[in-house]
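Student: I am new to this structure. Could you take me through it in short steps?

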Amino acid sequence: MIKGIIFDLDGVLVSTDEMHYQAWKRLAGELGITAFTRADNERQRGVSRMASLEVVLEKSDKVYNEEEKIALAEKKNGYYLELLEHMDDSAVLEGVKNVLQFLKDKGYLLAVGSASKNAPAILEKTGLMPYLDKVSCGLDTTKSKPDPEVFLVAAKKLGLPPEECLVVEDSKAGIEAAKAGLMRSLGVGPFYQTLGADFCAEALCKVQNWEEVLL
Ligand code: B16
Ligand code: MG
């Protein structure tokens, strides 16, 4: 029986994809990598900042050492933070606040399980924090999805065993992480039909059968 729901952040509750893309594109341009595309950016969905950097550097002839890579990731984060400055609750995806309130009223515990180290700031800026019982994010973890760490930390913070948690995700790496953590999964977003989740819907607000998903 499901008692807690763990939501991925980017692509499930809020839309930050374009800002991540613009920040990576700016960095790639500075490194002389002109071949970085939106298709590459799709492969960065749900994975950590350092793993995302590797997707960019695949297209570079230059080899970077670990120290240089950390500096590049920080530079990209600076560009991303500049874009986040202007973020407000208009970044919240359609119907999300209604769905969170609906689930909260039914007594479910709600958490975020996000790879992003910027998750707390994003939740504050978008007004989503009051809906959530706990937050597990890139600041709490060392392993990137598809490792289940971020979701296991979320379940632990909620005080629930993994099998009593549902994970809602928009990325393949995230659904794999949910499965590796022995959690039920709901896939949403533009690729919902191909994520391999236990249940799927185009978006959170399009889920028709919550009773079945949460049984
Ligand atoms: P940051 P999620 C993920 O968030 C993004 O989808 C992914 O593109 C990003 O690289 C990752 O967070 C790390 O974000 O650089 O802000 O720490 O989908 O797990 O909520
Ligand atoms: Mg995501």
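The questions below start at the ligand and then turn to the backbone and single residues.

Tutor: Keep in mind that this is a predicted model.

Student: How many residues surround ligand 1?

Tutor: The closest are Arg-49, Ser-114, Ser-116, Lys-117 and Asn-118. They belong to a shell that holds four nonpolar, eight polar and seven charged residues. The number of residues that surround ligand 1 is 19.

Student: Which residue has a side-chain N or O atom 2.6 Å from an oxygen atom of ligand 1?

Tutor: Go through the contacts in turn. Gly-46 uses a backbone N or O atom, 2.9 Å from an oxygen atom of ligand 1. The side chain of Arg-49 has an N or O atom 2.8 Å from a ligand oxygen. The side chain at 2.6 Å is that of Ser-116.

Student: What share of the area of ligand 1 does the protein bury?

Tutor: Start with ligand 1 taken alone, which exposes 470 Å². Of that area, the protein buries 97%.

Student: Where is Pro-146 found?

Tutor: Pro-146 is joined to Lys-145 by a cis peptide bond. The omega angle there is about 20°. Pro-146 itself is found in the loop between β3 (134-136) and α7 (149-158).

Student: What is the phi of Leu-182?

Tutor: Leu-182 lies in the loop between α8 (172-180) and β5 (184-187). The residue is not a glycine, although its phi is positive. The value is about 60°.

Student: Is Leu-182 buried or exposed?

Tutor: The cut-off for exposed is over 50% relative accessible area. Leu-182 has 64% relative accessibility, so Leu-182 counts as exposed.

Student: Is Asp-40 buried or exposed?

Tutor: Asp-40 has its place in helix α2 (residues 38-42). Buried means under 20% relative accessible area. Asp-40 is at 6%, so Asp-40 counts as buried.

Student: How many Å apart in space are Asp-40 and Val-56, C-alpha to C-alpha?

Tutor: In sequence, Asp-40 and Val-56 are 16 residues apart. In space, C-alpha to C-alpha, the distance between Asp-40 and Val-56 is 7.6 Å.

Terms used
Residues numbered from 1 in each chain as written. Chains lettered and ligands numbered in written order. Predicted model: local features only at pLDDT ≥ 70, side-chain atom pairs only at ≥ 80, totals over all residues. Heavy atoms only, no water. Near = heavy atom within 4 Å. Polar contact = N/O pair within 3.5 Å; in protein donor to acceptor, adjacent residues only side chain to side chain. Areas by Shrake-Rupley, 256 points an atom, 1.4 Å probe, with all protein chains shown as cover. Nonpolar A, V, L, I, M, F, W, Y, C, P; charged D, E, K, R; others polar. Helix = DSSP H or I, 4+ residues; strand = E, 2+ residues; numbered from the N terminus. Buried < 20%, exposed > 50% of the residue type's maximum accessible area, 1.4 Å probe, protein only.
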